Amino acid sequence: MSNNKQFSESEISDYRKAFSQFDKSGEGKITFEEFIALLLSIKDEEDLRKAFRNFDTDGDGVISMEEAHQAIESYGVDIPKTEVDAQFYKADVDGDGFVSYKEFTTMLDGLRSKVNK
Ligand SMILES: [Ca+2]
Ligand SMILES: [Ca+2]
């Protein structure tokens, strides 16, 4: 149980609750900006790893393009698929077609510095 990569039901519902707070329009959709703001609000390293593993549904340690689309969809993020592709390519710094945890945190750091400007 300790190595279980999947989120428990209660963890998922916690995340859903957190996301619904960002759903200002109340349509069950959040904008990409709201989604990023939520990710940036995660300060704890362990929570960040959990968020990453939530994207990495097959548990191979990296996020594929398909997993990124699935995660965005399951959170109800209102963003065009082409925009997800663009963000993914931006995040995939070494261009191997996958976003590693390091690339994930690098992307968030980049976004954080933009937001704080
Ligand atoms: Ca994966
Ligand atoms: Ca990569």
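Predicted model: local features only at pLDDT ≥ 70, side-chain atom pairs only at ≥ 80, totals over all residues.

Student: In which element is Phe 55 found?

Tutor: Look for the helix that covers residues 45-55. Phe 55 is found in helix H3.

Student: Is Phe 55 buried, exposed or partly exposed?

Tutor: Count the other C-beta atoms, placed from the backbone, within 10 Å of a residue's own: 20 or more is buried, 12 or fewer is exposed, and in between is partly exposed. Phe 55 has 19 of them, so it comes out as partly exposed.

Student: Which residues is Phe 55 in contact with, leaving aside neighbours within four places in sequence?

Tutor: Contact here means that two C-beta atoms, placed from the backbone, lie within 7 Å. With those sequence neighbours left out, the partners of Phe 55 are Ile 63, Glu 67, Ala 68 and Ala 71.

Student: Which residues make up the largest nonpolar core?

Tutor: A nonpolar core is a set of buried Ala, Val, Leu, Ile, Met, Phe, Trp, Tyr and Cys residues joined through C-beta atoms within 7 Å. In the chain of 117 residues, 9% count as buried. The largest core has 9 residues: Ile 30, Phe 52, Ile 63, Ala 68, Ile 72, Val 77, Phe 88, Val 99 and Phe 104.

Student: How are H2 and H6 oriented to each other?

Tutor: Two packed helices are described by the angle between their axes and the distance between the axes. Axes are lines fitted to C-alpha atoms, for helices over the stretch in contact, with angles from 0 to 180 degrees between N-to-C directions; under 35 degrees is roughly parallel, over 145 roughly antiparallel, 65 to 115 roughly perpendicular and the rest oblique. The axes of H2 (residues 32-40) and H6 (residues 101-115) come within 10 Å and cross at roughly 105°. That makes H2 and H6 roughly perpendicular.

Student: Which residues make that contact between H2 and H6?

Tutor: H2 brings Ile 36, Leu 39 and Leu 40. From H6 come Leu 108, Leu 111, Arg 112 and Val 115.

Student: Where does Asp 92 lie, and which residues is Asp 92 in contact with, leaving aside neighbours within four places in sequence?

Tutor: Asp 92 sits in the loop between helix H5 (81-91) and strand E4 (98-100). It counts as partly exposed because 19 C-beta neighbours are inside 10 Å. With sequence neighbours within four places left out, Asp 92 is in contact with Gly 97, Phe 98, Val 99 and Glu 103.

Student: Which residues does UniProt list for "domain: EF-hand"?

Tutor: UniProt positions are given in the numbering used here, feature names are shortened, and annotations may be inferred rather than shown by experiment. The unreviewed UniProt entry lists residues 10-39, 43-78 and 79-114.

Technical notes
Residues numbered from 1 in each chain as written. Chains lettered and ligands numbered in written order. Helix = DSSP H or I, 4+ residues; strand = E, 2+ residues; numbered from the N terminus.
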